[in-house]
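Q: Please take a close look at the ligand site in this structure, and then at the aromatic side chains elsewhere in the chain.

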Amino acid sequence: MNEAVPVRIAVIGTGRVGLVAGACLADWGHHVSCADRDPERIARLRAGTSAFFEPGLAELVANGVAGGRLRFSASTADAVRDAEMVIICVGTPPAANGGLDLGDVLDASREVARSLTRPATIVLKSTVLVGTAAIVARTLAETNPIGERCDVVSMPEFLREGSAIEDFRSPARLIVGLEGGRGGELIGRVFHRIQAPIHVTGRHEAELIKQLANCFLGVKVSFANSVADACERVGANVAEILRGVGADPRIGSGYLSPGLGFGGSCLPKDIAGFINFADQVGADPRLFVAALGVNERRPVDVRNDLASCLGDLKGRMVAILGLSFKPLTDTIVEAPALALVRQLLAAGAHVRVYDPAATARVREVFSSDIEYAESAQDCVAGADAFVIATEWPEFAELDLSSLRRQMKGDVVVDGRGVFGREQLERAGFRVARPHPAAAAPKLAN
Ligand code: NAD
């Protein structure tokens with residue numbers, strides 16, 4: 001790839017993907033203008049604060065701004081003027097029909113098209129349905145004659161919240177979907193620092209690779225949870241079983257832990273989006289429907305496990321540690337912890353919660369229906385049971401014996417495998433798990 005010739009880049013959308021992309025590209029020496037249609041978001045960024053928490057991002061943004069390589073604008077026209085590359089990173093939330101809502105992508109494409117003053121390479125980083133890059137290309141051409149001379153590249157993003165910067169800089173692979181090979185040269189210049197293998201594909205293929213990678217991860221998580229559901233009933237050690245299964249390189253150990261299930265703004269909606277696509281083209285979506293169904297069931301199962309230990313949940317205090325859908329982020333979209341809170345409230349339980357970053361967002365959802373603690377210890381004190389719903393690193397440091405002494409009850413659900421079962425039992429806890437059916441065989445020792 002060509003060595004560092006700085007490129008003028010416009011990034012449209014300063015969310016979790018756009019801001020990380022903009023800050024990393026500026027850090028590599030490019031000149032980056034980030035636009036967002038939310039003026040409040042832009043005002044905050046200009047004032048040096050962000051609308052969300054991502055480790056290391058505030059510093060990277062501050063460096064880019066101080067170095068004069070990163071700036072923010074509430075106007076797409078302003079950001080796109082003179083840009084050689086425009087990267088579209090706007091949201092694609094779930095649509096009412098189960099697919100993805102591409103409205104923001106199409107709006108952004110029209111705004112970009114109107115703003116072009118020279119041909120540019122347009123990179124679609126948002127997760128989209130197959131065929132969207134072609135629609136974007138058509139929109140550009142129909143809106144502005146310059147748009148006809150633009151290359152449109154599909155280059156999906158695979159970063160994970162909580163490790164977004166590292167993931168952007170060092171992805172497992174780069175997927176670059178080109179039409180007739182056009183746009184590849186500039187992509188090489190902009191992303192020359194990335195050492196990962198590059199898969200050059202067609203645009204349709206790139207769009208599907210992103211959606212299907214998320215589908216596979218969801219299927220894997222639901223596989224682990226289905227295995228757990230069966231194995232726990234006969235007293236088998238699920239963590240050991242899945243470690244053994246995942247040790248096969250054909251399977252791999254990632255995303256193979258049982259727990260409360262997956263959430264966030266990507267996996268659930270991308271799986272639903274693919275189900276919708278499969279339905280539309282007459283393909284069989286049952287595998288993915290099952291993966292979502294297993295996932296939705298997890299918080300219900302945990303409520304039932306708690307109820308079978310505590311007798312009746314009515315009036316019981318359940319403490320929940322961790323609310324964000326995963327550690328090191330404050331995203332609570334589709335977070336399993338929130339589904340569990342709803343289950344517990346519906347069963348008449350009292351709920352107290354603690355999260356290192358997401359409490360303010362959760363307060364907007366549940367207001368005074370639940371209690372909010374300032375620390376894990378305060379959350380658990382006096383509770384009848386506690387649940388680890390997100391594996392924040394600080395929870396692994398908790399002194400289990402001291403927690404047990406502060407609690408009224410002794411029931412625990414380690415919904416993320418932070419502690420081993422034996423460790424919890426040694427500290428005096430009863431580990432809630434599915435009640436074996438009367439006929440279920442016990443494993444002989
Ligand atoms: P986000 O909701 O955090 O941010 C989207 C931003 O785009 C918002 O700030 C919004 O105001 C802005 N926006 C919307 N329409 C606009 C327009 N017409 N002009 C300018 N700004 C506009 O979304 P995100 O999490 O950054 O995700 C962006 C895309 O990347 C989605 O398709 C998502 O599925 C995908 N993705 C997300 C992640 C993740 O971990 N969050 C990872 C990989 C891929």
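A: The shell around the ligand is made up of 25 residues, and the closest are V17, D36, R41, T92 and K269; a residue belongs to the shell if one of its heavy atoms lies within 4 Å of the ligand. This is a predicted model, in which local features need pLDDT of at least 70, side-chain atom pairs count only at pLDDT 80 or more, and totals for chains, interfaces and linings use all residues. Residues are numbered from 1 along each chain as its sequence is written, and side-chain values use heavy atoms, with hydrogens and water left out.

By class, the shell has 11 charged, 7 polar and 7 nonpolar residues, where Asp, Glu, Lys and Arg count as charged, Ala, Val, Leu, Ile, Met, Phe, Trp, Tyr, Cys and Pro as nonpolar, and the others, Gly among them, as polar. Helix 5 (residues 103-115) gives the most to this shell, with 3 residues; helices here are DSSP runs (H or I, at least four residues) and strands likewise (E, at least two), numbered from the N terminus.

Among the polar contacts (pairs of N or O atoms within 3.5 Å), a polar side-chain atom of K269 lies 2.6 Å from an oxygen atom of the ligand, while a backbone N or O atom of V17 lies 2.8 Å from a ligand oxygen atom. A nitrogen atom of the ligand lies 3.1 Å from a polar side-chain atom of E161. Taken alone the ligand exposes 830 Å², of which the protein buries 89%, as computed by the Shrake-Rupley method with a 1.4 Å probe.

Turning to the aromatic side chains, the structure holds 6 aromatic pairs, meaning rings of Phe, Tyr and Trp (its six-membered ring) whose centres lie within 6.5 Å, with planes under 30 degrees apart counted as stacked, over 60 as edge-to-face and the rest as tilted. The rings of F168 and F191 have their centres 6.3 Å apart and their planes at 50°, so this pair is tilted. The pair links distant parts of the chain, 23 residues apart, with F168 in helix 7 (residues 164-169) and F191 in the loop between helix 8 (184-190) and strand 8 (198-202). F168 is buried, at a relative accessible area of 3%, and F191 is buried at 0%, buried being under 20% relative accessible area. Together with W28, F168 and F191 form one aromatic cluster.

Notes:
Polar contact = N/O pair within 3.5 Å; in protein donor to acceptor, adjacent residues only side chain to side chain. Buried < 20%, exposed > 50% of the residue type's maximum accessible area, 1.4 Å probe, protein only.
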